[in-house]
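Hello,

Here is the structure I promised to pass on to you.

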Amino acid sequence: MRYSRFLIPTLREDPGEAEVVSHRLMLRAGMTRKLAAGIYTYLPLGLRIMNKMIRIVREEMERIGAQELLMPAVQPDELWQESGRWDLYGKELLRFKDRHGREFCIGPTHEEVITDLMRREIRSYRQLPITLYQIQTKFRDEIRPRFGLMRGREFLMKDAYSFGRDEEDARETYKSMHDAYTRIFNRCGLKFRAVEADTGLIGGTFSHEFMVMADTGEEAVVSCGSCEYAANMERAESKVNDGGTKSEKEEERNRVDTPGVKSVEEVSAFLGVRSDKLVKTLIYKTDTGPVAVLVRGDHEANEVRLKNLISANELMLSDQEAIEKITGGPSGFSGPVGLRGIRIVADHAVGQLSNFIVGGNEKDVHLVNVNIGRDFKVDQFSYIRKVLAGDPCPKCGSPLSIDRGIEVGQLFILGKKYSEPMSAKFLNKKGEEAFFFMGCYGIGIGRTIAAAVEQNHDKDGIVWPIPLAPFHVQVIPLNVNNEKVMITSELIYGSLLGVGIDVLIDDRDERPGVKFKDADLIGTPYHVIVGEKNLNEGFVEFKDRRTRELKKVTVEEIIDHLKGLFNRRRR
């Protein structure tokens, strides 16, 4: 491709709207442009990258026998009513009515559509298991789209769906998909980790997220350096210390005045104790009724784990009015002693404490030397806190670490979550009707590309992994008006193009500095720099974008070197 005929509108300055590296660099490199909040156009350079990612995905899906189809983006509400998600999904679901007043949505995902298709087309267990996938635009009306392609409203996704006879079928497909995802992200040249995850709105019984590791990642990734354990923060837990019999003697409970002192930090400083001697009482409002949640002062409640524990669809901290109605005191002074008519759930770590401090359910009052059993009862203990770095691994006991990651893919075992409410059945070996056992598997195509930039960049621009690079080699003639320079540049360009290497020749009549800056910005892995002075000595310059190594080689050597390099990669 010739730079002069290719639309690459690079920018010299950072766009004001860009919040993260990938958003900033992809705008500056002329790969994307914003149309509306969370909605982006892929320019030719960006589309080349996307198509390379799609090709890798397709090859690995076909390798495990998944079949590609394409489902409508527009979905009728009756399918979502059948599954029960029409009301559950909330405002992220973009809904509209057609001219006849019938309700539809723009699909954020396609579980309902594929289940409807399979219940019509699959009759016998002999047709199972089967996996189908598509690569299609989705829309989720995020309340605050941000970070460019990382959290947009419209996005391209590979979503696959498996239908099996039983759980064994589902787990076998899950494993093959897990292996396929591992190959996909390895082929993309990314550093990633598969972690246990919550199933969220998709539902089901089991899930893994694939996280590209990056300091700028939105997600916290909890992992153990001594074993294979890894999970996202929503799912992560640490080893629970059963504690045995408490050795500390129970002291007499006392009421202490704490004027204007509310936060854990303030109370611990005021009373001269460590924060782990305090217990926070959080009053939550849920669709199953209010709940009081107890966590140690130095811990945070894990609301996803709590939501799953109490089987709630909605959960939020109560407002001031609700707290006063339930506890009798203002927020900041809530405690479990004397609470009536509300379920009390406590984290396991709270159960190991003796003589701890809680709010007194009265303004400017705390209670000290509080003990479970004597002073109040807990309805349920569970692991409902967020993991801290250094906590013991639940599998081997070694210290856990917390890093940052970007979610780029997720696997789910759905079971019968959709097949039962939608009456999707087949005839089993006994001739009896049975519900499909399902799984679903997604990869965010654009998000993976953005994650690759977050993981591969420097102060001058993007440093693409070779499999995703829009062009593998950039030939840079320093003076397009010099005949010898251009003949040599065209020779290199044509020779590499002829053996299937993606090459961009910068045939613009621009200063060398402009060409160098643009080449570094768009991130082509290898640069061949052709200048008059070096040519007179029989050389061109070869630059490795990642290492910045620059060396002089002959024209024959550079062609042979690049041919050999990419031939080895293809094997």
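Below is what I found, going from the whole protein to single elements.

This is a predicted model, in which local features need pLDDT of at least 70 and side-chain atom pairs count only at pLDDT 80 or more, while totals for chains, interfaces and linings use all residues. Residues are numbered from 1 along each chain as its sequence is written, and side-chain values use heavy atoms, with hydrogens and water left out.

First, the overall picture. The protein has 14 helices and 31 strands; these are DSSP runs numbered from the N terminus, H or I of at least four residues for helices and E of at least two for strands. Along the principal axes, the C-alpha atoms fill a box of roughly 95 × 70 × 50 Å. Of the 571 residues, 53% are buried (under 20% relative accessible area with a 1.4 Å probe, protein chains only; exposed is over 50% and partly exposed lies in between). Among contacts (heavy atoms within 4.5 Å) with a separation of 6 or more, 69% are between residues 24 or more positions apart.

Now the helices. Helix α2 covers residues 44-63, which is 20 residues, and spans 29 Å from its first C-alpha to its last, close to the 28 Å expected at 1.5 Å a residue (1.5 Å times one less than the number of residues). Its buried residues include Leu 45, Ile 49, Met 53, Ile 56 and Val 57, and also Lys 52 and Glu 60. Just after α2, Gly 65 has a positive phi of about 85 degrees.

Helix α1 (residues 21-28) and helix α10 (residues 445-455) have axes that come within 8 Å and cross at roughly 100 degrees. Axes here are lines fitted to C-alpha atoms, for helices over the stretch in contact, with angles from 0 to 180 degrees between N-to-C directions. That makes α1 roughly perpendicular to α10 (65 to 115 degrees; under 35 is roughly parallel, over 145 roughly antiparallel and the rest oblique). At this crossing, Val 21, Ser 22, Leu 25 and Met 26 of α1 meet Ile 449, Ala 450, Val 453 and Glu 454 of α10. The residues of this contact are six nonpolar, one polar and one charged (Ala, Val, Leu, Ile, Met, Phe, Trp, Tyr, Cys and Pro count as nonpolar, Asp, Glu, Lys and Arg as charged, and the others, Gly among them, as polar).

Ser 83 sits in helix α3 (residues 77-83) and is buried, with a relative accessible area of 14%. Leaving aside residues up to four places away in sequence, Ser 83 touches Glu 112, Tyr 418, Pro 421 and Met 422.

On to the strands, which pair if DSSP finds at least two bridges between them. Strand β21 (residues 400-415) pairs antiparallel with β10 (residues 206-213) over eight bridges, and Met 213 has Gly 405 as its partner in β21. Six bridges join β11 (residues 219-224) to β21, again antiparallel, with Cys 224 bridged to Leu 400.

Finally, five strands form an open, mixed sheet in the order β16-β14-β15-β17-β20. Its edge strands are β16 (315-317) and β20 (380-382), each pairing on one side only. Neighbouring strands of this sheet are turned by 30 degrees against each other on average, direction ignored. Within it, β17 (residues 343-347) runs parallel to β20 with three bridges between them, and Val 345 stands opposite Gln 380.

Best wishes
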